[in-house]
Amino acid sequence: MVILFSGRKSTVEKEIIEILCGCGANYISDRTVAANDGCFTIVSEYKKTDLKLKSGIAVFIDDTDRFDNQIFPDGIIGICEDTNLKALEIFKSGNIPVISCGMNAKNTITFSSLNSNSVLASLQRSLTDRAGNSVESGEFKIRLTKAYTPFAVMASAAVLLLNGIVPEEF
């Protein structure tokens with residue numbers, strides 16, 4: 001399960017949902033349920049939530065202050081922008097491993113090349129997907145069908161890699 005922590009009017013949240021549903025994910029919010037027989041499900045949360053999960057992926061998108069003191073169970077992996085200091089603090093306080101996304105070499109996911117039709121997303125360090133398989137560091141060419149924000153592309157690539165799916169087209 002992928003949980004998107006966001007504000008209701010977030011453009012980036014909408015882009016991530018569009019990208020991941022286009023890659024076969026199911027989606028649930030308090031207003032929408034869309035099933036694509038996907039291999040994973042996305043859930044949107046707009047306020048601090050009691051999570052009872054054995055595993056999952058938590059993506060902090062924006063408006064992070066509303067999630068102050070959010071508690072995560074063991075087995076959660078966090079994804080956020082490297083500039084989202086509040087999200088990094090929340091993950092750190094819960095000992096949650098984090099995949100950071102940004103445009104410098106210290107981030108887990110970054111771009112090594114970017115143009116209007118494609119990106120070359122770079123996984124800087126190996127990671128273990130949710131099935132226990134190793135995903136080695138490397139570059140992934142992703143064809144873009146429209147203009148998405150950099151974080152939406154990087155976070156979506158991270159979610160897909162964690163679910164054992166190599167990102168190819170958004």
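**Aromatic rings**

I began with the rings, and I found Phe5, Phe60, Phe67, Phe72 and Phe91 linked by ring pairs into a cluster. I'm working from a predicted model, so I keep that in mind throughout. My search of the whole structure turned up seven aromatic pairs. A reminder to myself: a pair of aromatic rings is described by the distance of the centres and the angle of the planes.

**Nonpolar cores**

Next I looked for where the nonpolar side chains gather. In soluble globular proteins they tend to be buried together. Here the largest nonpolar core holds 43 residues. Which residues have the most contacts inside it? I noted Ile16, Val59, Ile79 and Phe170. Helix 3, residues 150-162, gives this core its largest share, eleven residues. There is also a second, separate core of 13 residues, and I listed Ile3, Phe5, Phe72 and Ile90 among its members.

I then picked Val59 and asked what it touches, not counting residues up to four places away in sequence. My list reads Val2, Ile3, Leu4, Phe5, Ile79, Phe151, Ala155 and Val159.

**Helix 2**

I moved on to helix 2, residues 85-93, and its buried residues turned out to be Ala87, Ile90 and Phe91. Looking down the helix axis, I saw that these buried residues fall within an arc of 95 degrees, so they line one face of helix 2. That made me recall the general rule: an α-helix has 3.6 residues a turn, so residues three or four places apart point the same way. On the other side of helix 2, I found Leu85, Lys92 and Ser93 exposed. What covers the buried residues of helix 2? The cover includes strand 5 (56-60), strand 6 (76-81) and strand 7 (98-101).

**Two asparagines with positive phi**

Most residues other than glycine have a negative phi, and I wanted the exceptions. Asn95 follows helix 2 and has a positive phi near 55 degrees. I placed Asn95 in the loop between helix 2 and strand 7. Is Asn95 buried or exposed? Its relative accessibility is 69%, so I wrote it down as exposed.

Asn69 has a positive phi too, about 70 degrees, although it is not a glycine. I found Asn69 in the loop between strand 5 and strand 6. With 53% relative accessibility, Asn69 also counts as exposed.

**Ser118 and Leu144**

I looked up Ser118 and found it in strand 9, residues 118-123. Ser118 has a relative accessible area of 11%, so it is buried. Leaving aside neighbours within four places in sequence, I have Ser118 in contact with Lys141, Ile142, Arg143 and Leu144.

Leu144 counts as buried at 15% relative accessibility. How far apart are Leu144 and Ser118 in sequence and in space? I read 26 residues in sequence and 5.0 Å in space, C-alpha to C-alpha. Not counting residues up to four places away, Leu144 touches Asn115, Ser116, Asn117, Ser118, Val119, Val153 and Phe170. I had already met Phe170 among the residues with the most contacts inside the largest core.

**The largest pocket**

Last, I checked for open space. The largest pocket has a volume of about 160 Å³. Its lining is made up of Arg8, Glu13, Lys14, Ile17, Tyr27, Ser29, Asp30, Arg31, Thr32 and Tyr46. Which element gives the largest share of that lining? I noted helix 1, residues 11-22, with three residues.

Definitions and conventions. Residues numbered from 1 in each chain as written. Predicted model: local features only at pLDDT ≥ 70, side-chain atom pairs only at ≥ 80, totals over all residues. Heavy atoms only, no water. Core = buried A, V, L, I, M, F, W, Y, C linked by side-chain atoms within 4.5 Å. Buried < 20%, exposed > 50% of the residue type's maximum accessible area, 1.4 Å probe, protein only. Helix = DSSP H or I, 4+ residues; strand = E, 2+ residues; numbered from the N terminus. Contact = heavy atoms within 4.5 Å. Arc of directions from axis to C-beta. Phe/Tyr/Trp six-rings, centres within 6.5 Å; stacked < 30°, edge-to-face > 60°. 1 Å grid on protein atoms, 1.4 Å probe; cavity = no way out; pocket = protein on both sides within 12 Å on 5 of 7 lines; lining within 4 Å. Points joined across faces, edges and corners; volume = space filled by probe spheres on them.
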